[in-house]
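Biologist: Before I use any labels from this model, I want to know what stands behind each of them. Please take me through the terms one at a time.

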Amino acid sequence: MSGQKVLDVHTDPDPGAQETPGHTQSTPEVQKYTYTTLPGYFLQDDPETKPETFEFMKTNFGLVQLSYDSDENLPNGGRDATAWQRFENHIATLNRAEERKRHGSEEGSHTRYKLLFLGRHGNGYHNIAERYYGREAWDCHYSALDGDPENVMVWSDAHLSREGRRQAAEVNDFWNAQIRGEKMSLPQKYFVSPLDRAMETAQITFKGLLDKFDPTVMERLREGTGIHTCDRRSDVSYIRGRFPEFITTRDPLLTESDEFWDPDLREPDDALTTRLGELFDQLMRTSEGFRDSERVSFTSHSGAIGAILRFLGHRPFALGTGAVIPVFIKIETREDLDKRHGGEAEGGKHAKVDGDEVDVGEDDASLADTMAVDKSQWGRLPACPVDMDLNTVGPKRWNMDLKEFVAGVENGTVQIEEVAFR
C-alpha cells in the first residue's frame with residue numbers, strides 16, 4: 001500500500017505474550033464450532049512472505065495461482081476465467097458438496113467454507129500521537145488523555161486523519177479495479193467495529209460499490225480496550241447520527257453507552273483473543289447472513305485482527321493502516337449440539353430483526369451479560385520512567401512541535417516510522 005504504513009498494534013496490552021501459530025482453534029467449554037484456517041491459498045499464509053514489505057494491492061490480494069478440480073465445471077475448463085473467478089467457484093463447489101452431505105443428515109458435523117476479508121482502519125489521530133510522543137510515553141501517559149495539552153488534536157474514540165481517509169479511498173479504488181479486471185465478487189455480509197475510525201474506513205472503502213452499504217456494528221469487533229481513550233467508543237445515538245445506514249440494532253451487546261471500556265484497566269491479549277472467538281460463535285448462532293455467506297468483510301483494528309488470526313490458527317501477519325488480509329477458513333458445526341439447543345440445525349427459535357435472523361434460543365438467553373468478564377488479569381497504566389520529561393519528549397524526538405508534525409504527516413512531508421508488529 002502506498003503512503004505511510006503503521007504496522008504496530010498500538011494497544012499491545014501484553015508485550016510479553018507469545019503467539020503460537022496453528023491451524024485449528026475452537027472456543028473452550030461448549031466447542032460447538034471449530035474454526036480452521038486453510039493455508040496455501042494466499043501469499044500471506046506463507047512464512048516466507050514478510051508483512052513489513054508485503055503490498056496486497058500489487059499482488060491481487062495475495063491470491064496464489066492454483067488449479068482446482070472445480071475448474072472443470074467452468075466454461076472452457078476455466079481457461080477463460082480469472083484467478084478470482086476460479087477461486088470463488090472453488091469455494092462455492094466445496095459448499096455445495098457439504099450441502100449435499102448435510103441434506104437429510106441427523107448427526108455428525110456440518111462444514112462451511114468462508115472467505116474473510118479482514119480490513120484494518122486507516123491512519124487515525126491516535127496513530128499520529130503515538131509516533132510523535134513515542135511508544136513509552138504514549139503507553140504510560142498520553143494514551144490515557146483525550147487529546148494533547150495544546151489542543152492540536154483529539155484522539156478519544158480516534159477519528160481518521162486526512163492520511164487515513166486517503167488510505168481508505170485507495171482501497172476503494174482497488175476494489176473497483178478488482179471487480180472490473182479480476183471479476184471479483186464483493187463480500188456478501190459486512191461487519192464493523194463500533195469505533196469511529198473503523199466505521200469511517202468501511203464507509204469510504206465500500207462507497208459506491210453497493211446500492212446500499214449497511215454493515216452491522218458489532219461490539220466484540222472493537223479494539224483491545226481499557227485506559228486508552230482512543231479505544232473508548234461513542235454512544236450509539238452518536239453512531240446512528242454519524243452513520244445512519246449502519247445497523248446498530250442487531251447486537252444486544254451494543255449498549256447505548258460504552259460499558260466495556262475501563263478507565264483503570266487494560267484488556268490483555270489472551271482476553272482479546274477469547275473475545276474475538278466469542279464474536280465468531282455469536283455470529284454463527286445469531287446471524288443467518290453470516291452463516292449463509294461465503295464472503296464476509298470485517299473492518300476492525302490491528303489488535304483485534306491479530307486476535308482473529310490467532311483464534312483462527314493463522315500465522316501472525318501485520319497489517320499497515322488501511323490494509324486488508326483475506327483468510328480462507330472452514331467452520332465445522334457439531335450437529336448434536338445444534339439439536340440439543342432446540343429444533344432445527346443452527347436454528348431453534350429465531351426472531352427477525354432488521355431483516356436478519358437473531359437466535360433467541362437457550363444459547364443466547366444471557367448473551368447481553370457476556371461482555372462482563374473477569375478483569376483480575378487486566379493490566380494497569382504503567383509508570384513513566386522517572387527521568388522522562390513528558391513536556392519535551394515529542395519535540396526532542398522530531399525537532400518540531402506537535403502542530404508542525406501533524407501537518408507534515410498529513411501532507412506527506414513527515415514519514416512516520418514503521419514499528420514491528422507484536
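Modeller: The secondary structure of the protein comes to twelve helices and nine strands. Helices (H or I, at least four residues) and strands (E, at least two) are DSSP runs, numbered from the N terminus. This is a predicted model, in which local features need pLDDT of at least 70 and side-chain atom pairs count only at pLDDT 80 or more, while totals for chains, interfaces and linings use all residues. Residues are numbered from 1 along each chain as its sequence is written, and side-chain values use heavy atoms, with hydrogens and water left out.

Biologist: What share of the residues in the protein is buried?

Modeller: Buried residues make up 58% of the 422 residues. Buried means under 20% relative accessible area, exposed over 50%, and partly exposed in between, with a 1.4 Å probe and protein chains only.

Biologist: Why is Leu312 called buried?

Modeller: Leu312 has 0% relative accessibility, so it counts as buried. Leu312 lies in helix H9 (residues 302–312). Its C-alpha atom is separated by 9.9 Å from that of Ile331, 19 residues apart along the chain.

Biologist: Why does Asn95 count as buried?

Modeller: The relative accessibility of Asn95 is 13%, and therefore Asn95 counts as buried. Asn95 is found in helix H1 (residues 83–102). Leaving aside neighbours within four places in sequence, Asn95 is in contact with Arg112, Tyr113 and Glu294. Contact means heavy atoms within 4.5 Å.

Biologist: Why is Asn76 described as partly exposed?

Modeller: The relative accessible area of Asn76 is 39%, so Asn76 is partly exposed. Asn76 lies in the loop between strand E2 (33–37) and H1. Its phi is near 60°, a positive value in a residue other than glycine.

Biologist: Which value of phi does Asp157 have, and what makes Asp157 buried?

Modeller: Asp157 has a positive phi of about 40° although it is not a glycine. With 4% relative accessibility, Asp157 therefore counts as buried. The place of Asp157 is in the loop between helix H3 (135–140) and H4.

Biologist: Why are H7 and H9 called roughly perpendicular?

Modeller: Helix H7 (residues 269–286) and H9 pack at an angle of about 70°, with their axes 8 Å apart. Axes are lines fitted to C-alpha atoms, for helices over the stretch in contact, and angles run from 0 to 180 degrees between N-to-C directions. Angles under 35 degrees count as roughly parallel, over 145 as roughly antiparallel, 65 to 115 as roughly perpendicular and the rest as oblique. H7 and H9 are therefore roughly perpendicular to each other.

Biologist: Which residues of H7 and H9 meet?

Modeller: Asp269, Leu272, Thr273, Leu276, Gly277 and Phe280 in H7 meet Gly303, Ala304, Ala307, Ile308, Arg310 and Phe311 in H9. By class, this contact has seven nonpolar, three polar and two charged residues. Ala, Val, Leu, Ile, Met, Phe, Trp, Tyr, Cys and Pro count as nonpolar, Asp, Glu, Lys and Arg as charged, and the others, Gly among them, as polar.

Biologist: What makes H2 oblique to H12?

Modeller: The axes of helix H2 (residues 125–133) and helix H12 (residues 402–411) come within 11 Å and cross at roughly 125°. H2 is therefore oblique to H12. The contact is made by Tyr125, Ile128, Arg131, Tyr132 and Tyr133 of H2 and Leu402, Phe405, Val406, Val409 and Glu410 of H12. By class, the contact of H2 with H12 has eight nonpolar, no polar and two charged residues.

Biologist: How many aromatic pairs are there, and which kind do Phe117 and Trp175 form?

Modeller: The count comes to 39 aromatic pairs. Rings of Phe, Tyr and Trp (its six-membered ring) pair if their centres lie within 6.5 Å; planes under 30 degrees apart count as stacked, over 60 as edge-to-face and the rest as tilted. Phe117 and Trp175 form an edge-to-face pair, at 5.2 Å centre to centre and 65° between the planes. Phe117 lies in strand E3 (residues 109–120) and Trp175 in helix H4 (residues 162–181), so the pair ties together parts that are 58 residues apart in sequence. Phe117 is buried, and so is Trp175.
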